[in-house]
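Dear colleague,

Please find below the structure that I am handing over to you, followed by an account of what was found in it. I would be grateful if you read the text with the structure open beside it.

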Amino acid sequence: MDKTITQKDINNAVWKACDTFRGSIDPSVYKDYVLTMLFIKYLSDVHDDKYKAYLEKYNGDAERASRAMRHERFVVPEHSHFKFLYDSRNESNIGELINIALTDLEEANREKLYSEDGAGIFQNIDFNNSKLGEPKDKNTRLKNLLLDFNSEKLDLRPSHLDGNDIIGGAYEYLIANFASDAGKKAGEFFTPAEVSTLLAKLTKSKPGSRIADITCGSGSLLIKAGQEVGSPNFSLYGQEANGSTWALAVMNMFLHGFDNATIRWGDTIRNPKLKEGDELMKFDTVVGNPPFSLDKWGKTDDKEEDKAADSFDPETDQYNRFWRGVPPKSKGDWAFITHMIETTYEGTGKVGVVVPHGVLFRGASEGKIRKKLIEENLLEAVIGLPANLFFGTGIPAAILIFNRGKGDNTHVLFVDASECYESAKNQNRLRLEEDITPIVETYEQFNKGQLQPGVAKEKYSYVATFDEIAENDFNLNIPRYVDTFEEEAEVDIASVQKEIIELEGELKTVQEDINRHLNQLAQ
């Protein structure tokens with residue numbers, strides 16, 4: 001095949017492969033099967049490309065070529081190769097054969113495909129599961145999946161691809177489409193690409209940075225944050241509580257070429273895994289889109305019931321993350337924010353987090369934490385986003401930027417971008433030029449000290465002093481600072497009276513017509 005395969009070719013082919021499951025299995029379930037098969041196909045095709053190159057290099061000496069393959073990025077055992085699975089597509093135990101292939105692949109690449117706890121990335125996916133239907137239906141679906149991925153349009157050998165980022169791009173394309181199809185459940189694994197872009201630009205990291213996403217989902221936001229650095233000199237770290245989603249994030253990193261990314265599986269609050277020795281690891285930049293107002297995030301009132309030796313109590317947290325106060329047990333927003341701040345470098349670290357608006361004004365323990373963080377001069381910006389941007393909720397959200405390197409600048413930037421979006425069928429979206437760039441430019445101007453306290457731009461941005469925020473009792477509700485009130489147009493009384501008279505005339509005529517018809521019917 002001579003034709004170079006483009007991003008569009010692959011995107012169309014992998015999306016078509018989903019027809020095998022569409023309509024009979026929920027997208028939140030079948031996404032794991034399709035994305036895992038894409039990963040196997042990619043590793044197999046890269047293996048074939050490399051092996052062919054070594055054969056040419058060693059004049060057809062298969063033994064030397066095989067020996068050289070042992071030092072390649074991934075080792076692909078014979079029975080884990082896509083070709084073996086494709087050739088076995090009519091076997092009655094094809095689901096079991098794919099499971100064995102995944103296990104062998106993990107074992108052959110333990111350093112890459114196992115977590116530090118000994119969990120393999122494929123342990124939560126079962127191609128022999130009844131979720132795929134009755135045995136006969138399941139085998140048919142798996143056979144069709146293998147047939148689809150054997151298409152010429154899914155030849156993923158690097159020598160046939162129009163660029164190195166195509167595979168990662170196809171993976172992101174699939175995740176975004178799955179998120180759109182999965183609707184409400186998608187919020188668990190995907191932050192809309194435009195929001196990730198905005199957050200990555202607002203927290204733009206310098207070369208050499210350590211960047212973390214503490215609820216990384218499928219890893220898309222973390223990848224965007226890395227790509228924003230503008231150089232390959234950075235390191236990525238992530239943690240994800242859901243085992244299936246953690247596996248997607250690990251594969252996503254490999255498909256984007258970030259082989260050294262560290263992605264841990266576990267609950268960030270109860271069991272933080274990004275550590276150095278017994279201490280929490282520190283980062284230059286921490287980004288996140290934590291679950292909104294998570295209930296039962298860790299705090300419990302019934303300590304008698306929760307006496308297990310390994311139970312978590314935020315009030316005695318071994319990392320002392322909640323010294324500013326413990327958030328309410330029914331809303332974990334400030335627990336995640338506090339964790340993020342505590343894991344940034346003193347004096348330089350930056351945090352960018354997506355939050356529901358309640359975080360800006362709720363009182364009690366949340367109000368106390370918010371006040372302390374403002375008094376510490378860590379809060380830098382509050383940016384209101386449009387409604388219906390996120391999967392799983394239509395409520396508007398906001399982005400908070402915390403900066404440990406604010407210096408003497410005690411002001412806080414407020415931006416109301418709630419009306420800046422493109423309306424779409426299912427989800428609204430942010431446009432790069434019209435919506436994202438103005439927010440980033442306003443933030444950069446503030447960051448450079450170019451904006452004075454007061455209105456920066458009418459009905460859009462405002463720079464608040466510490467005293468002003470204190471007078472508002474540390475309430476950060478955006479309308480308190482950015483006045484977006486629109487005066488109603490002046491009413492033309494004479495014109496309205498004229499219109500009323502005309503309408504009354506029309507009504508009288510209609511009423512007369514109705515009465516005439518009724519009289520005719522009565523005769």
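Asp 267 forms a salt bridge with Arg 270, and their closest N and O atoms are 3.9 Å apart. A salt bridge is here a side-chain nitrogen of Lys or Arg within 4 Å of a carboxyl oxygen of Asp or Glu. Arg 270 is also partly exposed, with a relative accessible area of 39%.

Some notes on the source are needed before going further. The model is predicted, so local features need pLDDT of at least 70 and side-chain atom pairs count only at pLDDT 80 or more, while totals for chains, interfaces and linings use all residues. Residues are numbered from 1 along each chain as its sequence is written, and side-chain values use heavy atoms, with hydrogens and water left out.

**The protein as a whole**

The protein has 523 residues, of which buried residues make up 49%. Its secondary structure comes to 17 helices and 12 strands. Helices (H or I, at least four residues) and strands (E, at least two) are DSSP runs, numbered from the N terminus. Along the principal axes, the C-alpha atoms fill a box of roughly 95 × 80 × 55 Å.

**Salt bridges**

How many salt bridges does the structure hold? There are 22 salt bridges in the structure. In general, side chains of opposite charge can pair when their charged atoms come close.

One of these bridges joins the side chains of Glu 63 and Arg 67 at 3.7 Å, N to O. The two residues are separated by about one helical turn, because they are 4 residues apart in helix α3 (residues 62-69). Glu 63 is exposed at 58% relative accessibility, whereas Arg 67 is partly exposed at 38%.

A further bridge connects Arg 516 with Asp 513, at 2.9 Å from N to O. Both residues belong to helix α17, where a spacing of 3 residues separates them by about one helical turn. Arg 516 is partly exposed, with 42% relative accessibility, and Asp 513 is partly exposed, with 28%. Elsewhere, salt bridges that share partners join Glu 194, Glu 422 and Arg 429 into one network.

**Surface patches**

Patches are made of residues with over 30% relative accessible area and no salt bridge; like charges are joined within 9 Å, and nonpolar side chains (Val, Leu, Ile, Met, Phe, Trp, Tyr) within 5 Å. Accessible areas come from the Shrake-Rupley method with a 1.4 Å probe, and for residues only the protein chains shown count as cover. For charge, Lys and Arg count as positive and Asp and Glu as negative, while His and the chain ends are not counted. The place of a charge is taken as NZ of Lys, CZ of Arg, CG of Asp or CD of Glu.

Which residues gather in a patch of negative charge on the surface? They are Glu 433, Glu 434, Glu 441 and Glu 444. Of these, Glu 441 lies in helix α15 (residues 432-447) and is partly exposed at 45%.

A nonpolar surface patch of about 340 Å² is made by Val 491, Ile 493, Val 496 and Ile 500. Ile 500 is part of helix α17 (residues 493-522) and is partly exposed at 41% relative accessibility.

Is Ser 209 buried or exposed? Ser 209 counts as buried, at 6% relative accessibility. This residue is in strand β1 (residues 209-213), and its side chain reaches the backbone oxygen of Lys 206 at 2.5 Å. Gly 288, in strand β6 (residues 285-288), is buried with a relative accessible area of 0%. Gly 288 and Met 37 are 251 residues apart in sequence and 28 Å apart in space, C-alpha to C-alpha.

Yours sincerely

Notes. Buried < 20%, exposed > 50% of the residue type's maximum accessible area, 1.4 Å probe, protein only. Polar contact = N/O pair within 3.5 Å; in protein donor to acceptor, adjacent residues only side chain to side chain.
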